Amino acid sequence: MSFTAPIQLPGLTLDPHWYRRSLFYEVMVRSFVDSNGDGVGDLAGLISRLDYLQWLGVDALWIPPFFTSPLKDGGYDVTDYRSILPEFGTLEEFKELVTKAHERNLRLIIDLPLNHTSDQHDWFQQSRKHPDGAYGDFYVWSDTDEKYPHVRIIFTDTEDSNWAFDSVRRQFYFHRFFSHQPDLNFDNPKVHDSILEIVRYWLDLGVDGFRLDAVPYLYESEEGNGEGEPPTHEFVRKLRTMVDRDYPGRILIAEANQWPREVAAFFGSEPEPECHMAFDFPVMPRIFYSLRSQRAGELVRVLSETTDIPAAAGWAVFLRNHDELTLEMVSEEYRQAMYGWYAYDPRMRANVGIRRRLAPLLDNSRAEMELAHALLFALPGSPFLYYGDEIGMGDNIWLPDRDSTRTPMQWTPDRNAGFSAADPGKLFLPVVQSLVFNYTQTNVESHLAQSNSLLHWMRNVIHVRKSHPVFGLGTLRAVSTSHESVLAFTREYTGSGTSLGDQPETLLCVFSFSHNPIAVRIEDPALTSLHLYDIFGGSVFPSFDEEGAVTLTLGAQNFYWLHCG
């Protein structure tokens, strides 16, 4: 496999708002490439595939936790924030990753689980053994398990309480997630200092930002629900102030599984900003709902909601990631419909969600995968891809918990899918060998050899998107249509005028979720008498009439990105 993208020296562009126009790619070190044949992906393996990611059009990598951990929760149970899990590599290799990524104009975002640690972390061991010691107040302890009655249990299928009893300290400790992940006590200023020191440590090593894992849950109170409470926002503002002052150009991304208005609070406001970006959770399940229901109404409603955010802030939009496809942001009726369409086998479900990859969710339908990605890339904000989705990788629902979607990346049709030279029995997870998604058919090498493959289609769309700043920087306005299966909106950008590629532009984006070809009338008085042409090939389309209406025909589950001029 060879890639023609040139290495760009000396390094990163200086745009302070680079994240608003970037394409992010989530790459799990453990699952990407094994360089030393031990059956586990590592940092050196990731370095060896940076050219591939640059060729694809990726601007920034998001790496889930690689810290020392017992791996009871995929690394989100940290035992040492400053050391790297030995099977992943060394600190020197991490420094090389940062350097090699920056040489290719790729930025590096790492995960920071700051709400909790592993119960094996030295802080917790000291806290349970020495209540009056330096770490005695580092966690949330109580003589009773009845405090914080309004705080919901997140992992309802594995935990029946947010409290666990510790036999050493003879007290209960609080945990929003698994019982082996005690929550840090952010009421303790020393916890603040420790977290800020960890942030400085990795920023000094050159990382470009952090995904703040489970950021709404830092504080809890007797009256509140423990989600986005005022002191939590105070701490995030404190963290943002330090980052902006000492490390300009680095970013904070909020992972807050909440409604848009609640999530928007994590952007803060001028002159007290909080996070630079935040994940948009409610839109994602509604894309999947529209694909099966053939109705765009819920998406229109969600996208029509006005959520004021600071000018420099940006949404992070996604279809899938390493977690389950959460259904917390939909009604019970919608949830049951989604289960029926996408998770008819109980093994496909986890918590309040679905533990499947994108291609299996969509029955390996090329039309649906293209439609879903075209919509993702057209939404306001920066798209996040999950490793392997660019080739339509499958999953393995027979593996436990979330491992079903974390199987080794499929590079070639050779042994172990080119992921590792190890004996197949040594792989940390088996490669996918199902009939439809078998690694001998679904792999990067095979896709590269076919000009009409999903991989080449994805790369083309990514590069077209990158050539139109309106997608990352423009506004969105829903447009009226005559068909319930059609979603239409305009993306408008006034342009900075600083370069030929940064001029004012208006695009009309149209998406049909219908399983049959349709004709649709689109009406928007603001687009009166404008001409339309396709931004992929330049084909001329019918123009808007004097009343601001145009009729378009779309194939089954098809889309248009049309320039208005």
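Predicted model: local features only at pLDDT ≥ 70, side-chain atom pairs only at ≥ 80, totals over all residues.
Most residues other than glycine have a negative phi, and most peptide bonds are trans. Against that background, a few spots in this model deserve a look. The peptide bond that leads from E270 to P271 is cis, and its omega is near 5 degrees. P271 itself lies in the loop that links β11 (268-269) with β12 (272-273).

L71 is not a glycine, yet its phi is positive, near 60 degrees. This leucine sits in the loop between β3 (67-68) and β4 (80-84), and because its relative accessibility is 27%, L71 counts as partly exposed. N105 is likewise a residue other than glycine with a positive phi, here about 65 degrees. The loop that holds N105 runs between α4 (91-103) and β5 (107-113). Is N105 buried or exposed? Its relative accessibility is 18%, and the cut-off for buried is under 20%, so N105 counts as buried.

Attention now turns to the helices. Two packed helices are described by the angle between their axes and the distance between the axes. For helix α9 (residues 283-293) and helix α11 (residues 332-342), the axes come within 10 Å and cross at roughly 65 degrees. The crossing of α9 past α11 is left-handed. Which residues make the contact? On the α9 side they are P285, F288, Y289, L291, R292 and S293, while α11 contributes Y334, A337, M338, W341 and Y342.

With a relative accessibility of 0%, S290 counts as buried. What does S290 touch, once its neighbours within four places in sequence are left aside? The contacts of S290 are then R295, A296, L299 and F513.

The pairings can be followed strand by strand. β19 and β21 run antiparallel and are joined by four bridges, with L476 standing opposite R491 in β21. β21 is in turn joined to strand β22 (residues 505-512) by eight bridges, again in an antiparallel arrangement. Within that pairing, T490 has L508 of β22 as its bridge partner. How many residues of β21 are buried? Seven of its eight residues are, which leaves this strand mostly covered. In a regular strand the side chains alternate between the two faces of the sheet. Elsewhere in the sheet, strand β24 (residues 532-534) pairs with β25 over two bridges in the antiparallel sense, and Y533 stands opposite V540 in β25.

How values were computed. Residues numbered from 1 in each chain as written. Heavy atoms only, no water. Buried < 20%, exposed > 50% of the residue type's maximum accessible area, 1.4 Å probe, protein only. Axes fitted to C-alpha atoms, helices over the stretch in contact; angles between N-to-C directions. Left-handed = near helix turned anticlockwise from the far one by under 90°. Contact = heavy atoms within 4.5 Å. Pairing = 2+ DSSP bridges.
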